[in-house]
Amino acid sequence: MQIGFIGLGNMGAPMAANLAKAGHNVTGFDVAGTTAEGVTQVATAAEAAAGQDIVITMLPNGDILRSVADTVIPAMTAGATLIDCSTVDVESARAVAAQADAAGLGCVDAPVSGGIGGAAGGTLTFMAGGSAAAFEAAKPLFDIMGQKAVHCGDAGAGQAAKICNNMILGVTMIATCEAFALADKLGLDRQKMFDVVSTSSGYSWTMNAYCPAPGVGPTSPADNGYTPGFAAELMLKDLGLSQQAAEAADADTPMGQAALALYRQFVEDEDGRGKDFSAMLPRFETRRRPS
Ligand code: NAD
């Protein structure tokens, strides 16, 4: 296939390289001038999009996606498919899908989980929103860049699934970390805490697969000085998107709101930027109960 790839950053570059490695003809553009192995670099987003069967975007946020879509959609050939893999707000995803539809293009919002390791290894999970036909057009590429693709529903459904998942992730990470810090203060050995909780009703992905306590459970960023992994500022971004969506949909999400406030404080005021999101545990360790 002829593929245009816009946004060759930490995630986009390895994803584009995997498509090229699989034998697709990939043309790429990034404002920062970055490129990827096997990808032909061009000077504008419109050039990367013109005449392609599929155009993929992997960009920082919804505003940038909207501005890139404004130049890319008119450059694309009717019948082609636009796949946005960025994590953006549901409204931007739906607006871009409507714009693509009006231009006779297919469109899929397909945010990913799996991080930089998943992008490099081709093991991402895609959560997709859009028509069945657009999803089918995108599916062979999801199979190269990832190990799983779930068609979640119409436009915006992929972003909705992503932010709901990450709201659960942020909340459970905080709960796991504050419980470890409490256990410490009660004199409970961390390994015993893990042995009990990981096989009891308090178990979760954050405890069992990504334990925030160094030396306990499977290897995780905690064992590597809390080097990400999944950076606290990316969790902050996703919790902001889930609260933005909750406000727009009039949904009551008090735990998500509390998690957003804590990650904001951690990233903006407490040196959490650049650390893994599980570094909430050393944060709680050093704190006392507010009076
Ligand atoms: P990144 O900042 O490394 O990459 C984004 C790229 O977009 C940059 O190279 C930037 O130069 C480029 N860009 C910005 N504006 C542009 C424009 N107008 N035209 C062309 N290129 C432009 O970010 P990333 O880590 O690759 O993340 C990309 C997206 O994936 C984000 O939405 C992020 O939330 C999501 N995501 C990231 C991870 C992760 O672990 N990094 C995991 C899941 C999802």
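Which helix holds arginine 190? Arginine 190 sits in helix H8, which covers residues 190-197. Helices here are DSSP runs of H or I with at least four residues, strands are runs of E with at least two, and both are numbered from the N terminus.

Before I go on, a word on the source. This is a predicted model, in which local features need pLDDT of at least 70 and side-chain atom pairs count only at pLDDT 80 or more, while totals for chains, interfaces and linings use all residues. Residues are numbered from 1 along each chain as its sequence is written, and side-chain values use heavy atoms, with hydrogens and water left out.

Back to arginine 190. Is arginine 190 buried or exposed? Its relative accessibility is 18%, so arginine 190 counts as buried. Buried means under 20% relative accessible area, exposed means over 50%, and partly exposed is in between, using a 1.4 Å probe and protein chains only. Apart from neighbours within four places in sequence, arginine 190 is in contact with Phe180, Asp184, Ala213, Pro214, Val216, Leu281 and Glu285. Contact means heavy atoms within 4.5 Å.

Helix H1 covers residues 12-21, and nine of its 10 residues are buried, so H1 is largely enclosed by the rest of the structure. The buried ones are Gly12, Ala13, Pro14, Met15, Ala16, Ala17, Asn18, Leu19 and Ala20. They pack against strands S1 (2-6), S2 (25-29), S4 (54-57) and S8 (124-129), and against helices H5 and H6 (132-145). After H1 comes glycine 23, with a positive phi near 105°.

Helix H11 has 16 residues, 254-269, and spans 22 Å from first C-alpha to last, close to the 22 Å expected at 1.5 Å a residue. The expected span is 1.5 Å times one less than the number of residues. Which residues of H11 are buried? They are Gly256, Ala259, Leu260, Tyr263, Phe266 and Val267. These residues cover an arc of only 135° around the axis, which puts them on the same side of H11. The arc is taken from the directions from the helix axis to the C-beta atoms. An α-helix has 3.6 residues a turn, so residues three or four places apart point the same way. The buried residues of H11 pack against H7, H10 and H12. Just after H11, aspartate 271 has a positive phi of about 70°.

Now the loops. In the loop between H9 and H10 we find tyrosine 226, which is not a glycine but has a positive phi of about 65°. Tyrosine 226 is buried, at 11% relative accessible area. Glycine 229 is in the loop between H9 and H10 as well, and a cis peptide bond with omega of about 15° joins proline 228 to glycine 229. Aspartate 250 lies in the loop between H10 and H11. Aspartate 250 is not a glycine either, and its phi is positive, about 55°. Aspartate 250 is exposed, with a relative accessible area of 73%.

On a 1 Å grid over the protein atoms alone, a cavity is a set of points where a 1.4 Å probe fits but cannot get out; a pocket is an open set with protein on both sides within 12 Å along at least five of seven lines; and lining residues have an atom within 4 Å of a point. Points are joined across faces, edges and corners, and the volume is the space filled by probe spheres set on them.

How much space lies in the largest pocket? The largest pocket holds about 1,200 Å³. It is lined by 43 residues, and those closest to its centre are Met11, Thr87, Gly115, Phe230 and Leu234. H7 gives the largest share of this lining, six residues. By class, the lining has 23 nonpolar, 16 polar and four charged residues. Ala, Val, Leu, Ile, Met, Phe, Trp, Tyr, Cys and Pro count as nonpolar, Asp, Glu, Lys and Arg as charged, and the others, Gly among them, as polar.

The second largest pocket has a volume of about 370 Å³. H7 gives the largest share here too, five residues. This lining has six nonpolar, no polar and six charged residues.

A search of the whole structure finds one cavity of 30 Å³ or more. The residues that line the largest cavity are Leu65, Asp84, Ala93, Val96, Cys107, Asp109 and Gln159. Helix H4 (90-102) and strand S6 (106-109) each give two or more residues to that lining.
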